[in-house]
Amino acid sequence: MIRNVIFDFGAVLFEWNPHHIVNSFTTSQPEREILLRDVLQHSDWLSLDRGTMLIAEVIPKFSARTQIPSQRIEDFITHIQLSLTKIRQTETLFNQLTQQPYSLYYLTNMCSAFFDTLYEKHHFISFFDGGLVSGKELVMKPEQEIFMRLCERYQLTPQESLFIDDNSENIQIASALGFNTIQFNQTQTCFQQIEKQLLPH
């Protein structure tokens, strides 16, 4: 029996599409490729998500590596945050679940500054019963430790929890740990699958 529902943030509750983020920031194809490869897909970005580096530390590193002025990198970081817009249909689903007898949690790979911005901006996040942000925990998905930490902190049993995430690697680890899982995509079929499992018919 499902008692807990755990949501990922990026590409589940909030839009996260690196190509779209880059393309909507600049029309320069060379700059797009650099920002994608040397910022969003670089290991320093993972350090940001993990919380082992701060935005103030990565901006000069990204600037030095890409030869893009630090102010331009800073503008790009701001643009990324503005790109994290709500996925309306998931928000609607979340609001429906708050009316059901579930405990609702989040488990997201995100730097703490981004999370804090989202939290201030989007009132519905305060309706979660709790959750973990990689940037505050210094551990991230798909590492088992962050899943176990979530269970320990909130006394969750994996077999009574449904984990919703877009990343196949995260889903595989969660499944191996005993969680019920749904790999998310923004299709009607996926929403119907979640609703069928969680909402009364």
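## Helix α7 and its buried face

In this predicted model, helix α7 spans residues 112-121, and its buried residues are Phe114, Phe115 and Leu118. Buried denotes a relative accessible area under 20%, exposed over 50%, and partly exposed in between, with a 1.4 Å probe and protein chains only. Helices (H or I, at least four residues) and strands (E, at least two) are DSSP runs numbered from the N terminus. Viewed down the axis of α7, the buried residues fall within an arc of 95°, so they line one face of the helix. The arc is that of the directions from the helix axis to the C-beta atoms. An α-helix has 3.6 residues a turn, so residues three or four places apart point the same way.

The cover over the buried residues of α7 includes α3, α4 (55-66), α5 (70-83), β2 (103-108), β3 (130-133) and α8 (134-137); contact here means heavy atoms within 4.5 Å. Glu120 also belongs to helix α7, but Glu120 is exposed, with a relative accessible area of 70%. The C-alpha atoms of Glu120 and Ala56 are separated by 20 Å, and the two residues are 64 residues apart along the chain.

## Basis of the model

The structure is a predicted model, in which local features need pLDDT of at least 70 and side-chain atom pairs count only at pLDDT 80 or more, while totals for chains, interfaces and linings use all residues. Residues are numbered from 1 along each chain as its sequence is written, and side-chain values use heavy atoms, with hydrogens and water left out.

## Overall fold

The protein contains 11 helices and 5 strands. Its radius of gyration is 17 Å, close to the 17 Å that the globule rule gives for 201 residues, so the protein is as compact as a globular protein of that length. The radius of gyration is taken over C-alpha atoms, and the globule rule is 2.2 Å times the number of residues to the power 0.38. Along the principal axes, the C-alpha trace spans about 55 × 30 × 30 Å.

Of the 201 residues, 49% are buried. Among contacts between residues at least 6 apart in sequence, 66% join residues at least 24 apart.

In helix α9 (residues 144-154), the buried residues are Ile146, Phe147, Leu150 and Cys151. Seen down the axis of α9, they fall within an arc of 140°, so they line one face of the helix. These buried residues pack against β1 (4-7), β2, β3, α8, β4 (161-165) and α10.

The loop between α8 and α9 holds Leu138 and Pro142. Leu138 is not a glycine, yet has a positive phi of about 60°. The peptide bond from Lys141 to Pro142 is cis, with omega near 5°. Gln155, with a positive phi near 50°, follows α9 and lies in the loop between α9 and β4. Gln155 is exposed, with a relative accessible area of 67%.

Helix α11 (residues 188-198) has Cys190, Phe191, Ile194 and Leu198 as buried residues. Seen down the axis of α11, these fall within an arc of 100°, so they line one face of the helix. The face turned away from the buried side carries the exposed residues Thr189 and Lys196. The buried residues of α11 pack against β1, α6 (88-98), β4 and β5 (180-183).

Gln183 lies in strand β5 and counts as partly exposed, at 40% relative accessibility. Not counting residues up to four places away in sequence, Gln183 touches Asp165, Asp166, Asn167, Ser168, Ile171 and Cys190. Gln183 and Val5 are 178 residues apart in sequence and 13 Å apart in space, C-alpha to C-alpha.

## The largest pocket

The largest pocket has a volume of about 580 Å³. On a 1 Å grid over the protein atoms alone, a pocket is an open set of points where a 1.4 Å probe fits, with protein on both sides within 12 Å along at least five of seven lines; lining residues have an atom within 4 Å of a point. Grid points are joined across faces, edges and corners, and a volume is the space filled by probe spheres set on the points.

The lining comprises 25 residues, of which Trp16, Trp45, Leu46, Asp49 and Asn109 lie nearest the centre of the pocket. The elements giving two or more residues to this lining are α3 (43-50) and α10 (168-176), and α3 gives the most, with 4 residues. By class, the lining has 12 nonpolar, 7 polar and 6 charged residues. Ala, Val, Leu, Ile, Met, Phe, Trp, Tyr, Cys and Pro count as nonpolar, Asp, Glu, Lys and Arg as charged, and the others, Gly among them, as polar.
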